[in-house]
Amino acid sequence: MQRIKDLRAEKKQNNLFQTVIWKNMLYNRKETILLIICEMLIVAIAYSGSMCYQILSAKHSSEVLFLQEDGISRQFVYAGMLLLFCAIVLIITVMVSYLGKRIPQYMLLKRMGISMSDTRKMIWTEAGICYVAATFIGFFVGKGMFLIFRKFITDTVGIEGKAGSYSKLTFPVICLFSFGIYGLSFLLMKELEADFRIITSTQESVRKEKLTGKFTGGKLVIGICCCSYAVVQYGKIYNHESVYLLGLFFAGTYLILRSGMALILSYIRNKQERNYYRHLLQRNKLYYRSKTVVRYGVLFFILNFLVCFYFGFQVVSTATAEPVSSLYPYDFMCIADDKDEKLLKNLKETYKSDIHIEEYPMVRVATADKTERGERGAEQRIQGQEIGISETTYHRLKKAIHKEDKAQKMDLDAEGKKVYLVHQQDRSVKAQPMDWFYGKSRPNLHIGVPAAEYDWGNKKNTYIERVVTGEEIGSLTGCYSTEKSENIVVFSDKYFEKAEKEWKKTDAIWGIPVEDAKSYYGEATIIQGPTKLVLIAVKSGINNRNKMLERIDQLLEKKEEAHQYIGNYDSTVRFHYDSESAKADIISERAVKILINSYLMIMVIIVDMIIFYTMCQMELKEIILRERFLKNLGMSGKERRKVYRKEICFYYVSPTCIMLVAMVLFLRAVLRARMFPETIAETCIRMEGVLTAGVLLLRMLYVVAVYQVFSRKAGMRDER
């Protein structure tokens with residue numbers, strides 16, 4: 001009987017405990033709903049993005065291996081890393097506001113006698129409810145986002161995705177992913193609170209910060225130098241639009257704003273007393289909270305810059321990219337050798353006038369490093385494989401596509417030290433060097449197949465640093481393989497004659513002269529490699545053209561293994577390429593680019609909005625105290641609202657002005673790096689202007705709405 005009474009009492013106690021938790025959550029419903037919305041958006045974006053990946057990866061030829069170099073999966077993983085970073089920042093930002101309000105309530109319950117274990121139980125129960133609610137709501141929202149993007153992919157890009165082809169593990173994996181973000185955010189939140197007291201510090205009403213410090217002028221000069229260097233270097237093709245340059249520019253911007261504002265305000269305070277006292281009330285926050293103001297201002301600038309330029313330009317450049325068909329003037333491209341004479345003769349005899357075959361002399365050119373990422377430990381570099389041609393052949397190829405093209409002198413030398421580069425890629429791809437080895441402005445080029453065991457430290461190696469006399473971005477033979485392979489290197493006619501015989505003098509394994517290889521290793525390996533660039537075009541308008549393309553493709557496919565001169569060194573480099581599969585790949589890649597950057601733009605806009613709201617929420621207590629003080633001094637409600645409105649608008653106007661200046665500089669730099677034609681550049685600028693105007697309008701409306709909400713909370717609307 002006593003046991004039954006104890007169970008009833010325990011049940012009653014549990015019910016009471018659950019009631020307390022539930023009422024606490026309802027009392028703080030605004031903060032709880034905000035937290036659930038943030039987690040829900042993370043789940044929705046991750047779920048819809050993974051579902052879209054499953055559609056697009058099935059249609060891309062390079063997705064046989066996950067995370068293959070330049071594959072779609074690698075782009076999605078990079079996007080996932082950015083999503084993870086944004087998600088953690090978002091959760092921590094919201095948690096600062098959420099716990100800042102809840103901690104006093106927890107302390108009250110503790111004083112009333114609640115045990116620490118019950119407090120932890122309450123916290124974990126609230127967290128669990130938020131997680132479960134956000135996960136299931138996020139699933140349905142993500143499903144809706146996926147359906148919208150699937151319709152876009154189907155209608156615009158022409159790639160169909162069937163509902164039954166998706167993995168059943170997608171949702172469980174996303175649940176684990178979101179749970180990991182949630183847990184990691186809590187751990188970081190705990191560490192930040194322990195080290196910096198960022199939650200409890202938001203409850204302080206007075207936090208004066210020093211206006212100037214040591215080397216303020218020097219920091220200003222350093223900031224100007226950092227920004228100038230970043231802008232100049234961003235416009236050079238061999239810097240591949242590096243994100244590190246953007247980071248350097250952001251750091252320089254912070255130094256300029258922090259030091260420049262400090263010097264200006266100090267000058268006004270010390271030298272212009274009348275100006276100082278006249279605007280003291282409006283500028284009060286700049287004087288005693290200068291670091292915080294600059295940090296928030298730079299943060300909002302960075303977020304808006306990422307939306308309008310870094311992610312926005314990817315969408316704009318993809319939307320204005322040339323038609324896919326214009327990138328492939330031929331149906332097939334073959335990197336052939338002398339043993340393929342019989343094959344080519346057979347094709348001509350079989351299809352006669354239905355196909356047109358052009359042959360050009362070429363040599364294989366290997367670059368010292370193909371990969372953008374750095375190698376780890378003893379990992380071997382993957383070398384790039386490009387097409388080496390003579391100046392005469394270049395003009396013939398150019399004339400075949402552009403009839404009105406006039407041959408111009410290319411300033412190439414007879415020693416092969418000077419080269420002209422043709423990057424075969426479309427306008428949606430970022431500018432990048434042909435060789436990713438150190439000193440990308442001067443590529444290290446080797447005549448012949450890649451020497452797998454070459455030592456770049458050996459002075460006798462045949463990877464010679466060349467001077468680039470000029471370069472262009474476009475398609476002469478077709479944008480096959482990846483943007484890091486099958487580009488064109490142009491030599492002078494005189495040096496090309498020597499290059500055709502270079503294979504006889506070079507060891508193909510070690511990349512050193514044959515005599516040295518024999519003296520070091522006792523023997524030398526000599527491989528001739530490709531000698532002919534073969535371009536095949538099937539006549540349009542003939543009957544059964546598609547079947548003819550399939551038969552030719554099957555015939556060429558049988559010769560793939562015979563052309564693996566050094567084994568399957570790089571699976572993206574082949575003997576033959578067909579335009580139909582290449583077109584499908586580039587369509588998929590463009591869809592991925594638009595999809596990923598659209599997702600990231602949405603995510604960053606949401607992060608910007610929530611951080612702005614949280615900032616206002618954390619400063620609300622201080623605003624209320626100031627409101628009472630100014631009201632007691634006799635200031636009218638109109639004047640008090642004007643002061644608060646200027647403070648709020650500062651976080652809109654200042655980041656916007658900085659962003660517009662930065663966008664002009666970087667947009668000009670990237671258009672120069674990608675070598676956009678004037679008409680296309682003007683189209684990009686107009687589209688960027690429309691995108692930027694839309695984002696700024698949305699942010700302005702949001703800032704006005706936040707001002708209205710918090711001016712009421714602070715009691716500024718009580719008087720009229």
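Does aspartate 331 count as buried or exposed, and at what relative accessibility? At 12% relative accessibility, aspartate 331 counts as buried. Buried means under 20% relative accessible area, exposed means over 50%, and partly exposed lies in between (1.4 Å probe, protein chains only).

**The model**

This is a predicted model, in which local features need pLDDT of at least 70, side-chain atom pairs count only at pLDDT 80 or more, and totals for chains, interfaces and linings use all residues. Residues are numbered from 1 along each chain as its sequence is written, and side-chain values use heavy atoms, with hydrogens and water left out.

**Confidence**

The predictor's confidence in each residue is its pLDDT, from 0 to 100. The chain averages 81, and 85% of the residues score at least 70. Confidence is lowest in helix α1 (residues 2–27), with a mean of 61. Strand β9 (residues 488–491) has the highest, at 93. Helices (H or I, at least four residues) and strands (E, at least two) are DSSP runs, numbered from the N terminus. Over residues 63–67 the pLDDT is below 50, yet this stretch has twelve contacts in the model beyond near neighbours in sequence. Residues 202–206 are also below 50, with six such contacts. A contact means heavy atoms within 4.5 Å. Where pLDDT is low, the predicted coordinates should not be read in detail.

**Salt bridges**

A salt bridge is a side-chain nitrogen of Lys or Arg within 4 Å of a carboxyl oxygen of Asp or Glu. The whole structure has 15 of them.

| Salt bridge | N to O distance |
|---|---|
| Aspartate 331 and arginine 545 | 3.0 Å |
| Lysine 532 and glutamate 341 | 1.8 Å |
| Glutamate 557 and arginine 574 | 2.7 Å |

Aspartate 331 and arginine 545 meet in a salt bridge. Their pair links distant parts of the chain, 214 residues apart. Aspartate 331 sits in the loop between α10 (290–319) and β1 (332–336), and arginine 545 in helix α15 (residues 545–557).

Lysine 532 bridges to glutamate 341. This pair spans 191 residues, from strand β10 (residues 532–538) to helix α11 (residues 341–351). Lysine 532 is buried at 12%, whereas glutamate 341 is partly exposed at 42%.

Glutamate 557 is partly exposed at 36%, and arginine 574 is partly exposed at 31%. Salt bridges that share partners join Glu341, Lys348, Glu359 and Lys532 into one network.

**Cysteines**

The structure holds zero disulfides (pairs of cysteine sulfur atoms within 2.5 Å). Cysteine 175 is buried, at 15% relative accessible area. Cysteine 308 is buried too, at 0%.
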